[in-house]
Amino acid sequence: MTPHQSGIDLWAADVLVDPYPTYRALRELGDVVYLTHSKLYALTGYDVIKDALADPTRFSSAQGIGFNDDVNQALQGTSLASDPPTHTQLRAALSENLTPRALRGLGEQIKANAQALVARLVKQPSFDAIDEIARRFPIGVVADLVGFQGEARANMLRWGQAAMEVIGPMNQRTAENFPIAGELYGYCSQITQDALTAGSVGWGVFEAENKGVIPAGAARHIIHQYLGAGLDTTLAAIGNTVALFGRFPEAFAKVRADLSLVPSAFNEVLRYYSPVHVWSRVTTQDVEVAGVKIPRGSRVALMLGAGNRDPRHYPNPEVFDVTRNPIDHLSFGYGPHGCAGQGLARMEGAAIIEALATQIKSFRIGEVARVPSNVTVSFDTVPVLDLEAA
Ligand code: HEM
């Protein structure tokens with residue numbers, strides 16, 4: 001069967017700021033839709049996306065996971081742009097420092113920092129949740145994780161955002177962000193262990209390199225990946241959390257009344273607004289997906305955000321339900337490349353939700369705004385108004 005076709009541009013500004021009607025339209029066309037504008041096969045349904053993520057033999061990352069040749073070239077040598085067995089080795093080094101055991105100390109600090117941040121904010125009747133929480137909090141966490149000081153700390157936000165933006169197709173946003181992503185690359189390629197706080201996870205990655213546990217030169221790649229992958233994504237998730245609690249006060253009230261709902265609420269935030277809306281693979285052979293033939297060598301867009309709203313998998317997907325606990329959402333990917341930093345991201349999300357739920361009785365939000373962004377779906381402004389402390 002030939003796929004249904006659509007002329008829609010997934011990266012048009014109006015689609016990026018409100019992608020949900022487009023997700024629905026494409027999903028209703030089929031599980032596989034050929035996007036004539038971008039010359040891509042898009043997978044739109046939950047099951048077909050998950051199957052592709054689970055199958056690196058047919059859906060490969062080796063040619064990169066981005067939508068332009070320059071970024072896919074730049075990613076060569078990283079875990080993201082590799083398949084097993086190479087990936088298995090790179091991944092072991094990458095995730096060893098992000099295991100629950102490695103993160104144990106950081107977890108307590110993250111909780112305390114979240115409580116302190118919200119304690120300062122509840123003294124103000126209004127503030128912008130993106131500036132004051134979503135940007136501030138993950139920068140502190142990733143800077144402490146890697147052990148950054150000085151110059152790097154000041155640039156982390158720009159660098160992290162650019163690293164995600166350049167994964168898009170070669171549009172104006174991608175072109176403008178390449179030089180900034182290059183600054184991050186340049187910084188990481190000359191970073192030395194003594195520039196990092198002794199005892200931090202970043203410092204430990206260098207120790208592992210010194211002891212020959214990971215190959216020479218690998219530490220800088222790993223730190224680059226923590227920064228590239230760990231910031232803009234978490235920023236989006238935390239901003240989305242405040243925006244959704246503001247839009248659905250009854251959901252916030254449920255979490256306040258029962259703090260055991262915190263992990264479920266964060267999963268639902270991630271399902272409802274997938275921070276990474278699209279990612280990609282390349283087919284290594286002719287494949288058949290939902291009866292549609294996709295030729296070998298095709299770039300396939302995995303529409304994580306559309307899969308998370310597939311009504312065949314999640315009943316009433318447009319309803320934000322903090323009791324749903326959708327632990328199988330696609331926002332962290334799935335399979336061998338499934339997010340290596342999800343333990344840390346979950347700690348951050350839970351810490352923020354708990355601090356909001358224990359210290360704030362109620363609030364409302366003013367007009368929220370999104371700026372178009374190639375890969376991450378996040379808000380640029382979420383004004384918190386009329387805050388009443390608990
Ligand atoms: C809510 C926040 C986050 C989201 C939504 C997210 C999303 C993702 C997704 C979708 C992938 C899969 C890539 C693929 O299949 O090719 C991934 C991989 C990855 N993530 Fe995250 N991420 C988040 C936070 C973090 C954090 C905090 C870190 C580290 C500090 C991190 C580090 C990584 C790394 C290193 C990979 C590559 C794993 C591999 O290639 O095997 N992420 N992430």
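This report looks at the ligand site and the cavity in a predicted model.

Let's start with the iron. The ligand's iron atom gets a single donor from the protein, and that is the SG atom of Cys 339, 2.3 Å away. Cys 339 sits in a loop, with helix H15 (304-307) on one side and helix H16 (342-359) on the other. Cys 339 also turns up among the residues that come nearest to the ligand, along with Ser 79, His 87, Arg 91 and Trp 279, out of 29 around it.

Next, the ligand's oxygen atoms.

| Side chain | Ligand atom | Distance |
|---|---|---|
| Arg 91 (N or O atom) | oxygen | 2.8 Å |
| Trp 279 (polar atom) | oxygen | 2.8 Å |
| Arg 281 (N or O atom) | oxygen | 2.8 Å |

As for who builds the shell, two or more residues each come from helix H5 (86-96), helix H11 (218-230), helix H12 (232-247), strand E6 (279-283) and H16. H11 gives the largest share, with 4 residues. Sorted by class, the shell has 17 nonpolar, 10 polar and 2 charged residues.

Now for the cavity. The structure holds 1 cavity of 30 Å³ or more, and the largest cavity has a volume of about 40 Å³. Its lining is made up of Phe 127, Ala 129, Ile 133, Val 242, Leu 356, Ile 360, Phe 363, Val 384 and Leu 387. Helix H7 (129-146), strand E10 (360-365) and strand E11 (383-389) each put in at least two of the lining residues.

Terms used. Residues are numbered from 1 along each chain as its sequence is written. This is a predicted model: local features need pLDDT of at least 70, side-chain atom pairs count only at pLDDT 80 or more; totals for chains, interfaces and linings use all residues. Side-chain values use heavy atoms; hydrogens and water are left out. On a 1 Å grid over the protein atoms alone, a cavity is a set of points where a 1.4 Å probe fits but cannot get out, and a pocket is an open set with protein on both sides within 12 Å along at least five of seven lines; lining residues have an atom within 4 Å of a point. Grid points are joined across faces, edges and corners, and a volume is the space filled by probe spheres set on the points. Donors are N, O and S atoms within 2.8 Å of the metal (3.2 Å for Na, K and Ca); water is not among the atoms, so sites may look incomplete. A residue is near a molecule or strand if one of its heavy atoms lies within 4 Å of it. A polar contact is a pair of N or O atoms within 3.5 Å; within protein, one must be able to donate a hydrogen and the other to accept it, and residues adjacent in sequence count only if both atoms are side-chain atoms. Ala, Val, Leu, Ile, Met, Phe, Trp, Tyr, Cys and Pro count as nonpolar, Asp, Glu, Lys and Arg as charged, and the others, Gly among them, as polar.
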